[in-house]
Amino acid sequence: MVVPLFVFFVVFRYGEIFKTQILGCPCVMLACPEAARFVLVTHAHLFKPTYPKSKEKMIGPCALFFHQGEYHTRLRKLVQSSLSPDAIRKLIPDIEGIALSALDSWAASTQVTNTFYEMKKFSFDVGILSVFGHLDEGYKEKLEENYRIVDKGYNSFPTKIPGSAYHKALQARKRLNQILGEIICERKEKRLVEKDLLGHLLNFRDEKGKTLTKDQIADNIIGVLFAAQDTTASVITWILKFLHDDPKLLQAVKAEQMAIYQTNNGGKGHLTWAQTRNMTLTHRVVLESLRMASIISFTFREAVVDVEYKGYLIPKGWKVMPLFRNIHHNPEFFSDPQHFDPSRFEAAPKPNTFMPFGNGAHACPGNELAKLEALILIHHLVTKFRWEVVGSESGIQYGPFPVPQGGLPARFWKQSSCPSQNMCP
Ligand code: HEM
Ligand SMILES: *[C@@H]1O[C@H](CO)[C@@H](O)[C@H](O)[C@H]1NC(C)=O
């Protein structure tokens, strides 16, 4: 989720626990599953999430991922219930609509598409859907416009000099609060009781009957939109790259999706939840892409007391970093780890070795939605479109999550209107 850039130079070693300094802060790196589990799951109460203050301020300090204990548990329940399988299965037709209109617009474009940039729009729109249900277009545009400014400033140098990206972002963040205020007012007037995240946040009452404050609601909405966007967009971008690079695999995925497409009357019917749960190969491609790309390479916690682990002392105030990518690329757990091979997921990975969505108290509540978005997009992409990556640039770019170089520039065509029919797979 929130990954500051400055740690990417760390030298990774396998299966180890080692101390290092990051900008003068002592830090313990955890590259083995047991240690990561200790920090994130079994002894999570001894370690608190820790983020740079400038980022906390931008998202909103009441967002659940900055908290521990009771407040965290309470908010987490609300977020989880709006992202539960029962809640997200109802979103399928709308997600399909968003995916199809995105794909149509890329295919209609005469310009090269920046895949990552477009996927960000897709995942943002799905994020809006899961937070607000059907939101008025006007509000959506205002949210999108201001959120984009926040997004730009988030990874820039935190200075309050007017005109700086960070300063502009803080101002846009204030405007987001105002827009959210208007949306909430309108919903209260209409007395609608909705099952989306906003509905859950508005309806919450604690034991004493107290509701959440405006800031608590706003920060958690922005927090979820934030957590949902770049993560999902970069994973889907990687999936497109991995499929493009392996024509045989793409054919097999296509065969799986065409069978569903035909069952649904040549794509006229909507995908069902059962169908999305039965995309065996495509699902493995999603999992293997999550492993290979490991877009959340690690996370940070801070020891709230002196902690002893297997003879190591982790002094209070020290940071610890479970290294997900390192574990995902350890040949002991994933043989030939640099090789993209979805079939490795025919067997379940060893416990605590596969954590693309984290683990324990703060594990990603949006994981099912993220996978569902990917499956739906792939279904429509491979059954009705084809695409070609432009240029031969390989490499990785950090924005801040790893994405293929240049955001994976590509051209998209509708299957029926390929430049040459012979070129259609
Ligand atoms: C492929 C896409 C995604 C990946 C790889 C991902 C990964 C993660 C990871 C690793 C964490 C735990 C961070 C930590 O322990 O420090 C996390 C937390 C979180 N994610 Fe995701 N995520 C994705 C998509 C989403 C989506 C779509 C949503 C919401 C719609 C979402 C909402 C959240 C929230 C709210 C948290 C904080 C949970 C807490 O602190 O209790 N994520 N995510
Ligand atoms: C699941 O997919 C297989 C083919 O991959 C198909 O034979 C089967 O009928 C599907 N099941 C459901 C419940 O859709």
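Biologist: Which helix supplies the largest share of the shell around ligand 1?

Modeller: In this predicted model, the largest share of that shell comes from H10, with 6 residues. H10 covers 214-244, and helix H3 (69-82), helix H6 (115-132) and H15 are listed with it as each supplying at least two shell residues.

Biologist: How many residues surround ligand 1, and which are the closest?

Modeller: The shell holds 28 residues, and the closest are Thr-231, Thr-299, Gly-358, Cys-364 and Gly-366. By class, the shell residues divide into 19 nonpolar, 8 polar and 1 charged.

Biologist: What does UniProt list for Cys-364?

Modeller: The unreviewed UniProt entry lists Cys-364 under "binding site". Such annotations may be inferred rather than shown by experiment.

Biologist: Where is Cys-364 placed, and which residues does it touch?

Modeller: Cys-364 sits in the loop between helix H14 (324-328) and helix H15 (367-384). Leaving aside residues up to four places away in sequence, Cys-364 touches Phe-357 and Gly-358.

Biologist: Is Cys-364 buried or exposed?

Modeller: A residue counts as buried if 20 or more other C-beta atoms lie within 10 Å of its own. Cys-364 is buried because it has 20 such neighbours.

Biologist: What span should H15 have at 1.5 Å a residue?

Modeller: The 18 residues of H15 should span 26 Å, and its end C-alpha atoms are 26 Å apart, so the two agree.

Biologist: How many residues of H15 are buried?

Modeller: In H15, 14 of the 18 residues are buried, so the helix is largely enclosed by the rest of the structure.

Terms used
Residues are numbered from 1 along each chain as its sequence is written. Chains are lettered from A and ligands numbered from 1 in the order in which they are written. This is a predicted model: local features need pLDDT of at least 70, side-chain atom pairs count only at pLDDT 80 or more; totals for chains, interfaces and linings use all residues. Helices (H or I, at least four residues) and strands (E, at least two) are DSSP runs, numbered from the N terminus. A residue is buried if 20 or more other C-beta atoms lie within 10 Å of its own, exposed if 12 or fewer, and partly exposed in between; C-beta atoms are placed from the backbone. Two residues are in contact if their C-beta atoms, placed from the backbone, lie within 7 Å. The expected span of a helix is 1.5 Å times one less than its number of residues. A residue is near a molecule or strand if its C-beta atom, placed from the backbone, lies within 6 Å of it. Ala, Val, Leu, Ile, Met, Phe, Trp, Tyr, Cys and Pro count as nonpolar, Asp, Glu, Lys and Arg as charged, and the others, Gly among them, as polar.
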